[in-house]
Amino acid sequence: IEGLDIRDTAASILTATRTMAAQRGIRVIDRTEGHSLPTVLGDATGFKEILQNFLSNAVKYNEDAGAVTFDCTQSADDLREGFVRLLVSDTGLGIGEEMQEKLFEPFNRLGMKNTEIEGTGIGLAIAKELIEAMGGYLGYESELGKGSTFWFDLPIAMETSLTGPDGELD
């Protein structure tokens, strides 16, 4: 566990995500652009894997010409003090309530096994374990036909905070 620069990690993964998304006309929006982001505590390899999984899933399970949004906040009502929340939202298929309880089961593709969407169904199970091993938390909101938001909270290193271009705390 070490201090991690969210901006550096996210920038390279967002670039790769934009390349993948462009093939289907999906816009990738970085709401953190222009903001100073806090340093978080975590494992660098695990952090990259989690963010890459969330962004890749958001593209894979999205509609053509949809959107994927990356954001970071410290001000969510249900956010634990001393943590930062990283969010990835999509405008895709969404996950029906009956499938949500199986979301983190390894190798469960939630009915997508015989589709063109590639994957093994292990990414979210691994992401959950990695986040918890780093002392973080994971969650999601999803509505069938309207898309999903997956988020994870990681502890903030030192006394850093999320500020906008105007210097105000977000």
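How do the axes of helix 1 and helix 2 cross, and within what distance do they come?

1. Basis of the note. This is a predicted model, in which local features need pLDDT of at least 70 and side-chain atom pairs count only at pLDDT 80 or more, while totals for chains, interfaces and linings use all residues. Residues are numbered from 1 along each chain as its sequence is written, and side-chain values use heavy atoms, with hydrogens and water left out.

2. Overall make-up. The protein chain has four helices and seven strands. Helices (H or I, at least four residues) and strands (E, at least two) are DSSP runs, numbered from the N terminus. Read from the N terminus on, the order of elements is β-α-β-β-α-β-β-α-α-β-β. Of the 170 residues in the protein chain, 44% are buried. Here buried means under 20% relative accessible area, exposed means over 50%, and partly exposed lies in between (1.4 Å probe, protein chains only). Among contacts between residues at least 6 apart in sequence, 71% join residues at least 24 apart; a contact means heavy atoms within 4.5 Å.

3. Helix 1 against helix 2. Two packed helices are described by the angle between their axes and the distance between the axes. The axes of helix 1 (residues 6-22) and helix 2 come within 10 Å and cross at roughly 30 degrees. Helix 1 is therefore roughly parallel to helix 2. Axes are lines fitted to C-alpha atoms, for helices over the stretch in contact, and angles run from 0 to 180 degrees between N-to-C directions. Angles under 35 degrees count as roughly parallel, over 145 as roughly antiparallel, 65 to 115 as roughly perpendicular and the rest as oblique. The crossing of helix 1 past helix 2 is right-handed. A crossing is right-handed if the near helix is turned clockwise from the far one by less than a right angle, and left-handed if anticlockwise.

4. Residues in that contact. Helix 1 contributes Ile6, Thr9, Ala10, Ile13, Leu14, Thr17, Met20 and Ala21, and helix 2 contributes Phe47, Lys48, Leu51, Gln52, Leu55, Ser56 and Val59. By class, the residues of this contact are 10 nonpolar, four polar and one charged. Ala, Val, Leu, Ile, Met, Phe, Trp, Tyr, Cys and Pro count as nonpolar, Asp, Glu, Lys and Arg as charged, and the others, Gly among them, as polar. Thr17 of helix 1 is buried, with a relative accessible area of 5%. Leaving out residues up to four places away in sequence, Thr17 touches Val28, Leu55 and Val59.

5. Helix 2 against helix 4. These two helices pack at an angle of about 145 degrees, with their axes 9 Å apart. Helix 2 passes helix 4 in a left-handed crossing. From helix 2 the contact takes in Gly46, Glu49, Ile50, Asn53, Phe54 and Asn57, and from helix 4 Gly123, Leu124, Ile126, Ala127, Leu130 and Ile131. The classes are seven nonpolar, four polar and one charged. Asn53 lies in helix 2 and is buried at 15% relative accessibility. Asn53 touches Gly123 and Leu124, not counting residues up to four places away in sequence.

6. Which residues of helix 4 are buried? In helix 4 (residues 123-133) they are Leu124, Ala125, Ala127 and Ile131. These residues are on the same side of helix 4 because they cover an arc of only 160 degrees around the axis; the arc is that of the directions from the helix axis to the C-beta atoms. Their cover includes helix 2 (44-60), strand 6 (137-143) and strand 7 (147-155). The face turned away from the buried side carries the exposed residues Glu129 and Ala133. Glu132, also in helix 4, is partly exposed at 47% relative accessibility. Just after helix 4, Gly135 takes a positive phi of about 80 degrees.

7. Asp30 belongs to strand 2 (residues 27-30) and is buried at 14% relative accessibility. Asp30 touches Arg7, Leu14, Arg18 and Phe70, not counting residues up to four places away in sequence. Ala65 sits in the loop between helix 2 and strand 4 (67-73) and is exposed, with a relative accessible area of 61%. Although Ala65 is not a glycine, its phi is positive, at about 65 degrees.
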